[in-house]
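Dear colleague,

Please find the structure below, handed over for your use. My notes on it follow directly after.

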Amino acid sequence: MARLAADITYTDYIQFEYNVTCTASLAGTPLQMVHQMDGVARHVLYGIQSYSLFRYILNHAELSIIPVRFAGKKKVISTYKMGCSSVRCCCMITLVSVCLLLAASCQAQSCGKRKVVNFLIVNGTEAKDGFWPWHVALFHNNARSFVYVCGGTILDQNTVLTAAHCLMTTNGIIARERLVVQVGRNRLRVASNRAQEHEAFELIVHPQYNVNSIRHDIGLIKLATDITYTNYIQPICLWNRGDDQNALVGSWGTVIGFGYDESDNPTDTLREARLPVVSAITCIESNREAFASQLTSEMFCAGNRDGISACNGDSGGGLFFNYNDVWYIRGLVSFTKPRQDALICDTKEYTVFTDVAKYLTWIMKYLRATSDLPGTIVPDNNDKLALLPMSSCGANPYASREESAKPVLLGYPWAALLEYTETGSREKKTICQATLISDLYLITAAHCISSVPNRYTLSTARLGEYDKTTMTDCAAVDGQTVCAPPVQTLRIESVIVHPGFNKPRYANDIALIRLRDRADTSRANVKPICLPVTTELRSQKPTQYTLTAWVSGSTGNVLERTIRDLVESVECQKLYTDQSVTLEKTTRQICIKQQQKSGTRCKFPTSAAPLQLVQPVQGKQRYVLYGLLSYGPKSCSALYPDVYTNVASYMDWILENMQDLPRVCLIRSFPKVIPPLRMTLTVRGFLALFAIFCALCSIKQTIAQDNNAMPLECGERKVKTVNLVQHGTETKEGHWPWHTAIYHREQTKFEYVCGGSIIDRNTILTAAHCMYTTRGRIKVDQLSVQVGRNQLSEASARSQEHQAEQLIVHPGYSPNGVADDIALIKLATDITMTRYVQPVCLWNLEPQLDLIVAKHGTVVGFGLTEHDRVSDFLRQATIGVVDSWTCIESDREVYGATLTGSMYCGGGTAGVSVCNGDSGGGMFFEFGDRWYVRGIVSFMPLREHVALCDGTKYTVFTDVAKYREWIGSFINPTVASERPDPLLVDNSPKLRLLNFNACGISPYAVAGANDSFLAFPWIGFVQMTVRGQPKPVTFCQVALISEWYAVGPAHCFNNDGNDRTIRFGDYDQSTDTDCTERNGTRMCAPPAQVLPIERIIIRPEYDRTAITDDLALIELRQPANVSQPNVKPICLPVTANLRSYKPATFTLGGLPAADDRIIANRATYLNSVNCQERYNAIHYPLRKGHTQFCAIAEVAPNRTEPCQRMLSGSVLQTVQTFGRRERYFLQGLLSFGARDCDGTVPEIYTNVPVYLDWILYNMRELRASAADTSEQLIFAS
């Protein structure tokens, strides 16, 4: 007999001691043991003989030996040897997993079990670490501090159960970035190294939760990263004993939390209290005023009414019951009656709990076993993973060494430096770092792009650098000198700054850089790092990271590596607040402890320095990027932490914005049937032929696909109109191609009752109440759907009629209420998509109301007009969205009793609103030339004594964003996909009116702000004759876009009776002939051209008071002579790629108000939020829309005043590659600025690309007529 040399004994594992009989046998002989299983002795297979020396290897987990899953983590220990009774018989067993689960003999309990034993409860209230391992602490970030607000309970590795009201603020559901989830925490004021912090991925509030009635007070938090189970962090078991509350009455449960103690102070230590459950009638009778109007069957009461109870801060925590040493959750702390003297719980009253048992079906929908992993990459980006070199990233050449002992040279080959050119200097400066993530992309901090001084321009990225002072990088490694390959300096093609970047808080401080040429990653000093693309990689919660950085300042010449400690969010926020330093910490940031101590020499890392960890990736230990340095202390005496952008939180954004290099169509061979041709092709002809073959390649691929299987494009108008709205209300055909008219058949007549919106080929989105009549739900055959209809009284040939096949009303809707007022109509026949019939895009942005509050959406419908008559034509109204409190306070009786978290309110001005007949129609918002439906018209109060809408009240909309998952289960994909031709088909022929051969080409480069001679030949001066002036006065500017047309500010062309002319080709108004000295040579320009105006087309929506839509199209009476170098048109960004370019800086060209010479300047983009704030600071009522943008122009170094005023119409432009060369593209025209000279207040520019369709629509093909001697072109002498 052979006996185990040492018994395997451990606290959390199954203890065993077995005798094994060793005999000489052939390979493959089984090793087995006898166990009592279900009262019967059974043989269990443990191993198979591997070779003749009697070595046994235990089976893997999927066979007889199954590892017990203790809190989601397999326990693995080393090899154990068996002792031998004789030399001839010796066996060795390698335990692959020693945590054994003998199937059918014992069942591992994976929830509701404590893993730490020998607890003591201090004073009967405070709990020791690990005693309640499923409890969760929830913190809200309130500006400059993290405030503990609620408790929660772990259900699985990425789901936390809490009360719905714990996820709300006064403005609605809290932004998930402002919610911090901490598990394993037993004290509030002292962080434990056992605790973990997690970012919220999704906040799920029960759809029927109502903040006014406190019903359905239950919510779930889906985490972006998985919880790592430990002895101190475990899940709870969901209740599985039925939902009969009567059976629970009299039972004692335990409630835990960080609530108020008996002295009305928040407790620092997790506390517990045992409470008995009482019947509903007992609870109501104890205080009818408090409980009679609130208590429902989905709640129950518990408590002693003796001063021991749940209190403020305990909300969301669980009420737990123990059965057979397993803990189950049955209740969630919801509310209790406050004391009369303060808003603090009255412990003499019962506590009301949400009954978890009533919501098990709802909860189970979101648990991991039945839903997708929230932390995985969005499916839309799965194909983008191919752009990441997952098989070769994160090179770890010194894998066998401790991190602190690894050589830095060649050890971190993804570290890069960004090089900036400084105005007036040829030297390049390195201000920031970047990190290589593929051979084409780097990531860096957004502030390295948007917040560098204006004199710096990002130009190149320096890869493979180690020592900035040497030409060749060498270092001693293991006693030998190792040298790196040459550094690679690559040009930058484009930069994408995260749209949420906000400098005052440095939130979303991340940017993606695309290189013009691929990096050579075959070299040892240039390799990409891995990104955390999997749930496992993003779920790591280390306490230390590796930082690689060049020290900022003149001494930081060599790349250094340090090991840095994590600082959890609450402590980090406190350290900043204690130092009176502004920080609004979000879960998308990581705080890292400073390395230096007080009194030591300071070393501050360079901006965007990376944090990394070695992790298993595809079976190998590799480096994975986790953070980028965002900001931190600037003084050695300030010891608060550095803040890093959490890269794992932005994986979807990174992948979404990555694109591979464009592929070319390779022509391998010509078909044999084509006879040989003899021809001579010009270069242009060859390129045209090549393009034809490329088109054939793409056509071949397109026709092989099923049209009906492809996702629909959505939210695009296919018909363009100039005057979009007639008389301010009626719309043109095709302007709202997704609007649907819904009719009910009453006997022999169809009556229009509601609107709806097309969301795919056979699905209409509308309001649930539109599916009902006074007799109940309407029958399918009594409902008709018409699409493409713009007039009720007369059907158009463009409209289509469809019959309903199925009416799908939300299960939460009741005809007696207004909650969940949403429904879908499935059509019996597919809609034929035309230019006049198109689907709208479903809202795909964040569901928070913050995105639309104070914004204006558009509603359309055939409702009542202001004369209380049904409108014959489709009408539209602009409606502003208000926050819930504004709506409730306007009429508490109506909105206070009905408004839910799945609704929002909106209202127009001067009685403009939706009305009877508009129900079911959508509220639409435009983003990036696409329209999205966010709301469905649900209800509004009626006028007294009349069953008609009250236009002075707010309209309530069903919030589509809250029902995306429900809608998605019934529809085919409808996506905002990229179109091959970004301009609508109506205007494509007009493109030939633009001269793409000559546009945007500047004959002479800008030689400083004071010498922009002929740099901007498209700028024209608007002039008119003023009495008493010797020559025409210039008061505005325009930009030439073709030989016949220019664009300029609408306010420059008021109908004041004065004739205006346009002067092109002028550079210096003070001279008759424009000349300059360049490289010792005198250069002079041709004469300027003064052209009369034939027609001025003002944008119809132009508002002189608000100065919005400030754009005019000027048609010239005679064409400009664009063959001259001083008169050229500027390019318009007519493609999606050109328009999607979002630079941080622009080139501003134009005439200063107090000067005669055109100057060039640099202008920096300012986001809308900051722009609005700065105008608010000077008390100017700016009403900035998406058709405008803000920019601040630099002041020339030789000027002392804080700003330099430019004439209206000054041109804001970018340089972009088009047609194999760089050209200038028109982006904006100066509209207005602050009245007083203030260098901090930006100017407002009209966003010209927004109006491309309107510009092209109004352009017409013109030809020069015969010379008219009575009115020839005037050329300046």
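This is a predicted model: local features need pLDDT of at least 70, side-chain atom pairs count only at pLDDT 80 or more; totals for chains, interfaces and linings use all residues.

Two strands are taken to pair if DSSP finds at least two bridges between them.

Strand β54 covers residues 875–882, and β55 covers residues 903–907. The two run antiparallel and are joined by three bridges. Strand β54 also pairs with β53, again in the antiparallel sense, and here there are six bridges. One of the residue pairs involved is Gly861 with Arg875, the latter being the partner in β54.

**A nonpolar surface patch**

Leu851 belongs to the loop that connects β52 (841–842) with β53 (856–861). Its relative accessibility is 39%, and it therefore counts as partly exposed, since that class lies between the 20% limit for buried and the 50% limit for exposed. Together with Leu845 and Phe927, Leu851 forms a nonpolar patch on the surface. The accessible area of these three residues together is about 240 Å².

**Disulfides**

A disulfide is a covalent bond between the sulfur atoms of two cysteines. How many disulfides does a search of the whole structure find? The search finds 13, and three of these are described here, beginning with the link between Cys111 and Cys237.

The sulfur atoms of Cys111 and Cys237 are 1.9 Å apart. The torsion about their S-S bond is about 100°, so this disulfide is right-handed. Cys111 is located in the loop between β11 (100–101) and β12 (135–142), while Cys237 is in strand β20 (residues 237–238); the pair therefore ties together parts that are 126 residues apart in sequence. Cys111 counts as buried at 18% relative accessibility, and Cys237 is buried as well, with a relative accessible area of 2%.

Cys754 and Cys770 form another disulfide, with an S to S distance of 2.1 Å. A torsion of about -85° about the S-S bond makes this disulfide left-handed. Because Cys754 lies in strand β45 (residues 749–760) and Cys770 in the loop between β46 (763–766) and β47 (772–773), the pair ties together parts that are 16 residues apart in sequence. Both Cys754 and Cys770 are buried.

The disulfide of Cys1036 and Cys1052 has its sulfur atoms 1.9 Å apart. With -70° about the S-S bond, the link of Cys1036 and Cys1052 is left-handed. Cys1036 is part of strand β61 (residues 1033–1040) and Cys1052 sits in the loop between β62 (1045–1048) and β63 (1061–1064), so the pair ties together parts that are 16 residues apart in sequence. Cys1036 counts as buried at 3% relative accessibility, and Cys1052 is buried with a relative accessible area of 1%.

**Thr606**

Where is Thr606 found? Thr606 lies in the loop between β37 (589–592) and β38 (610–617). Its relative accessibility is 7%, and Thr606 therefore counts as buried. Leaving aside residues up to four places away in sequence, Thr606 touches Ile431, Cys432, Gln433, Ala549, Trp550, Val551, Ser552 and Leu629.

With kind regards

Definitions and conventions
Residues are numbered from 1 along each chain as its sequence is written. Side-chain values use heavy atoms; hydrogens and water are left out. Patches are made of residues with over 30% relative accessible area and no salt bridge: like charges are joined within 9 Å, nonpolar side chains (Val, Leu, Ile, Met, Phe, Trp, Tyr) within 5 Å. Accessible areas come from the Shrake-Rupley method with a 1.4 Å probe; for residues, only the protein chains shown count as cover. A salt bridge is a side-chain nitrogen of Lys or Arg within 4 Å of a carboxyl oxygen of Asp or Glu. Helices (H or I, at least four residues) and strands (E, at least two) are DSSP runs, numbered from the N terminus. Buried means under 20% relative accessible area, exposed over 50%, partly exposed in between (1.4 Å probe, protein chains only). A disulfide is a pair of cysteine sulfur atoms within 2.5 Å. Contact means heavy atoms within 4.5 Å.
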